[in-house]
Amino acid sequence: SGDILVADTFNHRILRWRIGASQGDVIFGGGPGSRLDQLNKPAALALAPGRGFGDRLLIADTGNHRVLSVNIPKAKGTALGAPTACQGGSPRGARRARSRR
């Protein structure tokens, strides 16, 4: 749609900037916290194409050491879906993946 999504790290929120807008709209977060509807220093975003209902927004919520997955509905004006979280930690097998000399 041409919108730009911004991880506003130190304001603990995600903004959507529409084409021609003079300011962004808060679409997620807005204050620091660890509940599923809050962020703590979000650092990066990625879009994952969805099937049918809408796409998923993946949020690297660095202060909470997790990645949140939030549904973005295709219908304009529809609220974001409830997020799900994947807690951080070291991936299994990472030690085995190192090169040996």
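Q: In what order do 3 strands form an open sheet?
A: This is a predicted model, in which local features need pLDDT of at least 70, side-chain atom pairs count only at pLDDT 80 or more, and totals for chains, interfaces and linings use all residues. Residues are numbered from 1 along each chain as its sequence is written, and side-chain values rest on heavy atoms, with hydrogens and water left out. Strands (E) are DSSP runs of at least two residues, numbered from the N terminus, and two of them pair if DSSP finds at least two bridges between them. In the open sheet the pairing is antiparallel, and the order is E1-E2-E3.

Q: Which strands stand at the edges of this sheet?
A: The twist averages 25° from one strand to the next, the angle being taken between N-to-C directions of axes fitted to C-alpha atoms, on a scale from 0 to 180 degrees. Two strands have a single partner each, so one side of each lacks a neighbour in the sheet: E1 and E3.

Q: How many bridges join E2 to E3?
A: On one side, E2 pairs with strand E1 (residues 4–8) in the antiparallel sense over 5 bridges. With E3, Leu15 stands opposite Val26. E2 and E3 run antiparallel, and the number of bridges joining them is 4.

Q: Which residue in the turn of the E1 and E2 hairpin has a positive phi?
A: The hairpin has 4 residues between its strands. A positive phi of about 60° belongs to a residue in this turn, His12.

Q: Which residue stands opposite Arg16?
A: Arg16 is found in strand E2 (residues 13–17) and is buried, because its relative accessible area is 18% and the limit is under 20% with a 1.4 Å probe and protein chains only. Its contacts (heavy atoms within 4.5 Å), not counting residues up to four places away in sequence, include Asp3, Ile4, Gly24, Asp25, Ile27 and Ile72. Opposite Arg16 stands Leu5.

Q: Is Gln38 buried or exposed?
A: Gln38 lies in the loop between strand E3 (25–29) and strand E4 (42–48). Leaving aside neighbours within four places in sequence, Gln38 is in contact with Gly31, Pro32, Gly33, Asp61, Asn64, Arg66 and Leu68. At 18% relative accessibility, Gln38 counts as buried.

Q: How far does the backbone nitrogen of Ser34 lie from a polar atom of the side chain of Gln38?
A: A polar contact is a pair of N or O atoms within 3.5 Å, one able to donate a hydrogen and the other to accept it. Between the backbone nitrogen of Ser34 and a polar atom of the Gln38 side chain, the distance is 3.3 Å.

Q: Which element gives the largest share of the largest nonpolar core?
A: This core has 9 residues: Ile14, Ile27, Phe28, Leu39, Leu57, Ile59, Leu68, Val70 and Ile72. Two or more residues each come from E3, strand E5 (54–61) and strand E6 (66–73). A core joins buried Ala, Val, Leu, Ile, Met, Phe, Trp, Tyr and Cys residues through side-chain atoms within 4.5 Å. The largest share, 3 residues, comes from E6.

Q: What percentage of the 101 residues of the protein count as buried?
A: The protein holds 1 helix and 7 strands, in the pattern β-β-β-β-β-β-β-α along the sequence. Among contacts between residues at least 6 apart in sequence, 28% join residues at least 24 apart. The buried share of the 101 residues is 25%.

Key:
Buried < 20%, exposed > 50% of the residue type's maximum accessible area, 1.4 Å probe, protein only.
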